[in-house]
Amino acid sequence: MSAQTFVRLTGITKNFGGVHALKGVDLDISASEVVALVGHNGAGKSVLVQILSGVFPPSSGEIRVMGEPVSFHSPNDARHHGIETIYQTLALADNLDAPSNFFLGRELRTRFGFLDKRRMAEAAGKALADLNPSFTDIERPVRQMSGGQRQAVAIARAIHFDVRVLIMDEPTAALGPHETAQVSTLIRRLREQGIGILLVSHDVRSVIDLADRIVVLKAGEIVGTMTAAETDEDSVVDMIIRGRRREPADGSAP
Amino acid sequence: MSPRAQELFSRFFIKPPLVPLLILASFIPGFWSMGNMRILAEAISVDGIVVIGMTIVMIAGGFDMSVGAVMALGGVAAVVLLPHGLAVSVLAAGAFGALAGTLSGTLVTRLRINPFISTLAVMVMVRGAILAYTDTRPVVSLDDMFLALGEGRPVPYAFMIMVAVAITAHVWLNGRPWGRHVYAVGADETAAAMSGLRVGRLKLQCYLISGALAGFAGMLLAARLGTGSPIIGESTPLSAAAAALIGGASLRGGEGSVGGAMIGLVFVGGLVNAMNLLGVASYYQSMVIGGMLFALVVADGAFLRLRSS
Ligand SMILES: Nc1ncnc2c1ncn2[C@@H]1O[C@H](COP(=O)(O)OP(=O)(O)OP(=O)(O)O)[C@@H](O)[C@H]1O
Ligand SMILES: [Mg+2]
């Protein structure tokens, strides 16, 4: 592969007490590449996402960013390496307004260290309008917003900052068909800008057009990797359900 | 009425009915006298400093049962350390309080023990320690400077200090990134952690602040009374929680404000003062405050159910 490998996961495992959520996962994400991670409920997709975004460390295994081994102690460490995440749960503070959520943990400050509320509202307003021009009333608690608006806040804040790898865990779960199409357009645009995208979903149909590669996770293991252009919905669904081992035709390097 | 005006009306007339209370209290002879206003100001200024700490902890999704015992600790520590100078005594009261708060915060964040249980344990430990140290007897101070700190005319120093602390806390909660983080942690710890906030450290800081303020308030009370008593502050956690809840805080966290808590403080303080003037015995007063707290907690829960459905 000629594109630069941004992130490489090797032998990632994760145990929660007796639960083996991940059992040795290898995964690469390169520049201008959309990798779809699919699998049943409980397959371990969100756990993998949270490891890659620094929410918790793996039980074992290695994460490399731009070839360098890294260990993330918090989501901020991952963000410093250009890894931004849209979580399945969105990770918004319901009592705060959109600008506060947008900049949560990296607020704009005045010279004296106070919140620069005006600049924050302007920047967040602009970023959200880019995503959805009809989304204007942003200075109210996000708990009062619709599912789609909340999702827009989560998406906007992930792509606003310097991002190399964008992780999207079920980004269209709360969206209608129109907004879902918008997100697809956004993903294509980001891909063209050279960003690597990990797109998590259990909806095969929605990702097969968008993805370059499709990785199937089942019970904490990768059971197959397919080139999106060379496969179809049925084969992917088949793999999700039956968990057939990697086909020789895939031929990815160990 | 504009939404803003509606909110202000509600804040002063309905939740809590502060203005109606003050109007009713006008029928009590002497309520608005200078002397009684001073008594009221003295009473609410010490409690008010505690309420501010409690409010911060509650916004962060916690609770601090230990504030009363820590007040007693601050008062006793201040009096005992007076021979080393007033500055040492004042600082020590805050420092001992901060230490107790750090202990509570550690239990909550590191050992993940429920805040009520953690701070209840700290409350019992602190109370036990000062009862043992003082042999259950109050410690008396005759230091002029210290006693002067409990004075202040026409406005008590303690009242001015409380106002200064309230303004500082308000500005920090609303104007600093730190304040946003406290609100975020209180609303949703997991979301806050996923957003890169250091949840444990933030919560610990809130308990530390609450402890320091309680210790400091206890010092001011000791200065006013001329004694550090090991037994004061038994009902303080509950009346402080009542003021914070009246002011919009919630046991679920993420809600509340210093301004609201101050209105709650004046309401609770005014009610107690009125009952004192009417000669209501203290155990009936306890029943009134306890009943009010009960109603507040029920209302808090009902409101939450409404919101989540
Ligand atoms: N914080 C946690 N503590 C304990 N167990 C967990 C935790 N997070 C996930 N698990 C377990 O790990 C397994 C994988 O969960 P995960 O959330 O990754 O599934 P998923 O593939 O994202 O499913 P979905 O499609 O429903 O989002 C499940 O058995 C889950 O119960
Ligand atoms: Mg998931």
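Let me start inside the protein: the largest cavity holds about 80 Å³ of space. By cavity I mean a set of points, on a 1 Å grid over the protein atoms alone, where a 1.4 Å probe fits but cannot get out. The volume is the space filled by probe spheres set on those points, with points joined across faces, edges and corners.

Some housekeeping: this is a predicted model, where local features need pLDDT of at least 70 and side-chain atom pairs count only at pLDDT 80 or more, while totals for chains, interfaces and linings use all residues. Residues are numbered from 1 along each chain as its sequence is written, chains are lettered from A and ligands numbered from 1 in the order in which they are written, and side-chain values use heavy atoms, with hydrogens and water left out.

Back to that cavity. Its lining residues (those with an atom within 4 Å of a point) include A:Ser53, A:Tyr87, A:Arg106 and A:Arg157, along with B:Met194 and B:Ser195 from chain B. Helix H2 (75-80) and E6 of chain A each give at least two residues to this lining; helices here are DSSP runs of H or I with at least four residues, strands are E runs of at least two, and both are numbered from the N terminus. By class we get 5 nonpolar, 3 polar and 4 charged residues. For the classes, Ala, Val, Leu, Ile, Met, Phe, Trp, Tyr, Cys and Pro are nonpolar, Asp, Glu, Lys and Arg are charged, and the others, Gly among them, are polar.

How many cavities of 30 Å³ or more does the structure hold? There are 3.

Now to the pockets, meaning open sets of points with protein on both sides within 12 Å along at least five of seven lines.

What about the two chains together? 25 residues of chain A are in contact (heavy atoms within 4.5 Å) with 21 residues of chain B. Between them the chains bury about 1800 Å², 59% of it on carbon and sulfur atoms. In chain A, the residues losing the most area to chain B are A:Asn95, A:Phe114 and A:Leu115, together 25% of what that side buries. Buried area is the accessible area, with a 1.4 Å probe, that two parts lose on being put together, summed over both.

Last stop, the metal. Which residues coordinate the magnesium ion (ligand 2)? They are A:Ser46 through OG and A:Gln88 through OE1, at 1.9 to 2.1 Å. A:Ser46 sits in helix H1 (residues 45-52) of chain A and A:Gln88 in the loop between strand E6 (83-86) and helix H3 (98-102), 42 residues apart. Donors are N, O and S atoms within 2.8 Å of the metal (3.2 Å for Na, K and Ca), and water is not among the atoms, so sites may look incomplete.
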